[in-house]
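Student: I would like to go through this model with you. Let us take the fold before the side chains.

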Amino acid sequence: MYVTPPGAKPNVAVESVAAVQTAEGPKLAVTVANRGTAHGVLRDSVLTVTGRAPDGRTVTAELRNDTLGTLAGANILSGSSRQFLLAWPKALAEVDLSAKLTTTYE
């Protein structure tokens, strides 16, 4: 049960994004933080990741639905942050990464 005061709202955003090496190969480590005043269950989320292609060009990858892994539908408590390891977007090299999350809340 969540007790939510009137006017309280979630505000979840990407705090950091980085490449991490795992036994299965590179993964995208995305840390999101809820700076809002209510918990937020993420729905209809799109993670837009910008970085470099192997040839040096700037490229963007949009992750949504099944490519978001456990980030899709995650519950982020107010004042907390969580890290998610996602499948590596093949279009990106492992440098110069940034990301933006757009979502609605349940």
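Student: How many helices and strands are in the chain?

Tutor: This is a predicted model, where local features need pLDDT of at least 70, side-chain atom pairs count only at pLDDT 80 or more, and totals for chains, interfaces and linings use all residues. Residues are numbered from 1 along each chain as its sequence is written, and side-chain values use heavy atoms, without hydrogens and water. Helices (H or I, at least four residues) and strands (E, at least two) are DSSP runs, numbered from the N terminus. The elements run β-β-β-β-β-β-β, and the count is zero helices and seven strands.

Student: In which sense do E3 and E4 pair, and over how many bridges?

Tutor: Two strands pair if DSSP finds at least two bridges between them. E3 and E4 form a hairpin with five residues between them, and glycine 56 in the turn has a positive phi of about 100°. Arginine 52 has threonine 58 in E4 as its bridge partner. The pairing is antiparallel, over seven bridges.

Student: Which residues make up the uncovered face of strand E4?

Tutor: Strand E4 covers residues 58–64. Its covered face holds Val59, Ala61 and Leu63. The uncovered face is Thr58, Thr60, Glu62 and Arg64.

Student: How far apart are the closest N and O atoms of arginine 64 and glutamate 62?

Tutor: The two residues form a salt bridge, meaning a side-chain nitrogen of Lys or Arg within 4 Å of a carboxyl oxygen of Asp or Glu. Arginine 64 is partly exposed at 37%, and glutamate 62 is partly exposed at 49%. Their closest N and O atoms are 2.7 Å apart.

Student: Arginine 43 and glutamate 106 also meet in a salt bridge. How many residues apart are they?

Tutor: The N to O distance of this salt bridge is 2.4 Å. Arginine 43 is partly exposed at 32%, while glutamate 106 is exposed at 62%. The pair links distant parts of the chain: arginine 43 lies in strand E3 (residues 40–52), glutamate 106 in the segment after strand E7 (98–105), and they are 63 residues apart.

Student: How many salt bridges does the structure hold?

Tutor: Another one joins the side chains of aspartate 55 and arginine 57, at 2.8 Å, N to O. Aspartate 55 is exposed, at 54%. The structure holds five.

Conventions
Buried < 20%, exposed > 50% of the residue type's maximum accessible area, 1.4 Å probe, protein only.
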